[in-house]
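Visitor: Good morning. Could you take me through this model, beginning with the terms I shall need?

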Amino acid sequence: MASPPPAPSSLSVTSLTTPVAMGYVPLGAVFGFLFVQAGGPAWLAIASSVLIYAGAAQFMMVPMLAAGLPLSTIALATLVLNLRHVFYGLSLLNHMPASRLQRWYSIFALTDETYSVLTALPEPQRARRMALVCALNHGWWILGTTVGAILGARGQLGLEGLDFALAALFAVLAVEQWRTRRDIIPLWTALGAYGIAWLLMPAQALAVAIALSLIVAAWRRPRTATPSTHPSGNSHG
């Protein structure tokens with residue numbers, strides 16, 4: 001009989017972030033490659049991954065810079081695209097590191113994938129491991145960007161198929177969340193929300209799906225957070 005997979009709490013931080021690395025390194029390489037091929041210097045591609053670290057917003061930045069759009073327009077678009085991170089941060093406020101430097105860095109480096117890894121950990125471990133998880137995931141993205149920028153400066157390279165890395169990464173993270181929590185409602189909520197959003201507003205399906213999922217989460221949280229009280233005085237979840 002096969003032994004059960006190790007719980008996230010028993011894994012090293014490197015092991016926790018390995019699935020993220022499988023997505024971040026190739027995707028970061030694609031960004032670095034496209035940035036240089038669009039005419040940007042390699043050092044600026046790497047600097048953007050160090051100082052901006054916004055994933056999809058960095059990909060969006062490439063054609064906007066190539067089109068000569070002002071930095072104010074790019075900054076506003078980045079703000080709108082990454083506004084969802086505000087909600088991630090609010091849900092982790094009670095689990096932030098005690099060190100001010102680590103706290104501010106964790107706020108800066110919080111991404112979709114990092115949030116998924118952190119919420120799969122037991123709550124007592126989140127504050128202790130948050131900054132290191134954020135730093136390793138940030139490092140994977142910088143590594144990928146560096147490799148891609150170097151390749152982009154040296155010539156053409158086929159990138160077909162690498163765009164599937166992000167979808168595969170989210171699939172792995174969803175499985176890890178399921179193995180940790182054994183709660184099917186978030187998965188069905190996400191699938192249902194995207195289905196409804198795609199039918200109603202296909203051009204803005206992702207943003208609408210996120211909004212619908214947040215509404216369901218806000219409605220469900222008070223109902224699940226309040227324990228039921230029995231005559232014996234014990235509460236049962």
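Guide: A residue is buried when its relative accessible area is under 20%, exposed when it is over 50%, and partly exposed in between, with a 1.4 Å probe and protein chains only. The model is predicted, so local features need pLDDT of at least 70 and side-chain atom pairs count only at pLDDT 80 or more, while totals for chains, interfaces and linings use all residues. Residues are numbered from 1 along each chain as its sequence is written, and side-chain values use heavy atoms, with hydrogens and water left out.

Visitor: Is Phe 108 buried, partly exposed or exposed?

Guide: Phe 108 has a relative accessible area of 34%, so it is partly exposed. Tyr 105 is also partly exposed, at 25%.

Visitor: How are the rings of Tyr 105 and Phe 108 placed?

Guide: Rings of Phe, Tyr and Trp (its six-membered ring) pair if their centres lie within 6.5 Å; planes under 30 degrees apart count as stacked, over 60 as edge-to-face and the rest as tilted. Tyr 105 and Phe 108 form a tilted pair, because their centres are 6.1 Å apart and their planes stand at 50 degrees.

Visitor: And why are Tyr 105 and Phe 108 separated by about one helical turn?

Guide: Because they are three residues apart in helix 6 (residues 100-109). Helices (H or I, at least four residues) and strands (E, at least two) are DSSP runs, numbered from the N terminus.

Visitor: How many aromatic pairs are there?

Guide: The count is six. One of them joins Phe 59 and Trp 141 edge-to-face, at 6.4 Å between centres and 70 degrees between planes. Phe 59 lies in helix 3 (residues 56-66) and Trp 141 in helix 8 (residues 123-154), 82 residues apart. Trp 141 is buried, because its relative accessibility is 3%, whereas Phe 59 is partly exposed at 27%.

Visitor: A new topic: which residues does Leu 118 touch?

Guide: Leaving aside residues up to four places away in sequence, Leu 118 touches Leu 92, Leu 110, Arg 126, Met 130 and Val 133; a contact means heavy atoms within 4.5 Å. Leu 118 is among the buried residues of helix 7, where seven of the eight residues are buried.

Visitor: Lastly, what is the mean pLDDT of the chain?

Guide: The mean is 77, and 75% of the residues reach 70 or more; pLDDT is the predictor's confidence in each residue, from 0 to 100. Over residues 223-237 the pLDDT is below 50. Where pLDDT is low, the predicted coordinates should not be read in detail.
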